[in-house]
Amino acid sequence: MSELDEFFEKVITVKWGEGKKSVDIIDQTLLPGTIKRIQIRTKEEIWEAIKKLRVRGAPAIGVSAAYGIAVVANEIKADDYQTFYKEFRADKDYLASSRPTAVNLFWALNRMDDTVKANRDKPVSEIKQILYTEAEKIRDEDVQISRNIGEIGFKLLQDLKVDGEELGILTHCNAGTLATAKYGTATAPMYIALEHGWSPKDMHVYCDETRPLLQGARLTSFELSNAGITTSVQCDNMAALLMKTGRVKIIFVGCDRVAANGDAANKIGTSALAVLAHHYGIPMYICAPSSTIDMKTATGDDIPIEMRDPEEIKSMWYKEPMAPASVDASFNPAFDVADHRLFTGIITEKGLCHAPYEKAFRDLGIQ
């Protein structure tokens with residue numbers, strides 16, 4: 001087993017618990033200091049894990065939801081289809097309420113729902129086993145999707161590589177293997193580069209810390225440095241000066257939902273990064289599995305933005321509060337929407353898309 005494969009094995013985001021009675025995840029709220037796996041069994045535990053970001057990243061949320069609903073469905077005490085499906089739908093709707101922005105959550109749960117309906121003529125016991133199989137298919141497909149995105153992104157890296165020089169790459173938040181079943185989306189080009197024989201020292205990845213939950217500092221830098229890649233962490237508001245120095249040659253970011261016109265919702269701060277990239281003429285790519293492309297949402301204005309606990313800003317990561325207790329911090333959006341006119345392209349597992357995006361998506365068969 002290669003060092004890279006050993007690394008991937010160490011940080012498997014989602015897998016079955018013993019006997020498929022639970023979902024086994026890394027508790028990402030404890031990283032980078034503690035690598036701890038937890039078992040989530042009940043619908044309440046699965047909901048809490050998604051809501052509290054113990055598992056996060058749009059693709060990983062989708063895989064976890066699929067695994068989770070399979071585990072929960074297996075505990076439904078009903079032999080007739082109608083009773084089983086009524087309880088299944090209630091559990092599905094409950095899990096769907098955990099996060100509002102990541103479309104993969106709804107996509108995965110709807111796919112599991114479709115699987116139940118497609119097999120309504122079979123015994124409930126058989127449907128339960130089919131759900132396990134479908135959840136595993138969703139995970140396997142996610143691995144291949146990330147690999148395909150990585151291969152496309154790697155070609156972009158090859159076009160920019162200068163022999164004897166490290167290639168500067170900037171990313172925001174965590175769209176790495178911790179956010180997917182394997183490889184990640186925005187980090188996939190870097191991991192694929194290693195599989196193609198690049199030295200870890202051929203790249204220098206700059207990770208925005210990504211306030212206020214610090215996914216870049218805590219997660220992306222943890223991943224990439226453990227994979228041996230030269231990695232630097234910077235405060236989000238340092239990106240402009242870094243770009244001005246000329247060290248950054250390309251930017252990869254993930255996303256949680258893409259509208260039909262190409263507007264992309266990603267972790268808060270991505271829109272500002274897109275403005276800066278456009279100003280400095282640095283190519284910036286959104287790495288988006290086709291399952292995150294929501295053709296029913298016309299523009300980014302129609303994407304719901306999740307608001308989170310003000311204490312994530314004021315006190316969550318500090319020994320002592322960093323703002324007066326009486327000061328308002330209620331505007332705490334988890335995401336912003338990058339205007340499609342500001343970035344260079346959108347990398348899907350089906351191909352690289354350029355504006356006009358709605359036509360490009362449809363040309364790839366994304367409906």
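This is a predicted model: local features need pLDDT of at least 70, side-chain atom pairs count only at pLDDT 80 or more; totals for chains, interfaces and linings use all residues.

Q: What makes strand 7 covered on both faces?
A: A strand here is a DSSP run of E with at least two residues, and a helix a run of H or I with at least four, both numbered from the N terminus; strand 7 covers residues 250-253. Buried means under 20% relative accessible area, against over 50% for exposed and partly exposed in between, with a 1.4 Å probe and protein chains only.

Q: Why is strand 5 called mostly covered?
A: In strand 5 (residues 203-208), 6 of its 6 residues are buried. Met203, Val205 and Cys207 point one way, and His204, Tyr206 and Asp208 the other way. In a regular strand the side chains alternate between the two faces of the sheet.

Q: How do you know that strand 7 pairs with strand 4 and with strand 10?
A: Two strands pair if DSSP finds at least two bridges between them. Strand 7 and strand 10 (residues 284-287) run parallel with 3 bridges, and Phe252 has Tyr285 as its bridge partner in strand 10.

Q: What makes the path from strand 4 to strand 5 a right-handed unit?
A: A crossover is right-handed if, with the strands pointing away from the viewer, the path from the first strand over the helix to the second runs clockwise. Strand 4, helix 7 (residues 188-195) and strand 5 make a β-α-β unit of this hand, and the two strands pair in the parallel sense over 5 bridges. The chain then crosses from strand 5 through helix 8 (residues 215-226) to strand 6, again in a right-handed β-α-β crossover. Strand 5 and strand 6 (residues 230-234) are parallel over 5 bridges, with Asp208 opposite Gln234.

Q: Why are strand 1 and strand 3 called edge strands?
A: The open sheet of 3 strands has the order 1-2-3 with antiparallel pairing. Strand 1 (14-16) and strand 3 (37-40) each pair on one side only, and so are its edges. Strand 2 (residues 23-26) and strand 3 pair over 4 bridges, with Ile25 opposite Ile38.

Q: How do you know what the lining of the largest pocket is made of?
A: On a 1 Å grid over the protein atoms alone, a pocket is an open set of points where a 1.4 Å probe fits, with protein on both sides within 12 Å along at least five of seven lines, and lining residues have an atom within 4 Å of a point. The largest pocket is lined by 18 residues, with Val103, Trp107, Ser291, Ile293 and Asp294 nearest its centre. They divide into 7 nonpolar, 4 polar and 7 charged, where Asp, Glu, Lys and Arg count as charged, Ala, Val, Leu, Ile, Met, Phe, Trp, Tyr, Cys and Pro as nonpolar, and the others, Gly among them, as polar. Helix 5 (103-118) is among the elements that supply at least two lining residues, and helix 5 gives the most, with 5 residues.

Definitions and conventions
Residues are numbered from 1 along each chain as its sequence is written. Side-chain values use heavy atoms; hydrogens and water are left out.
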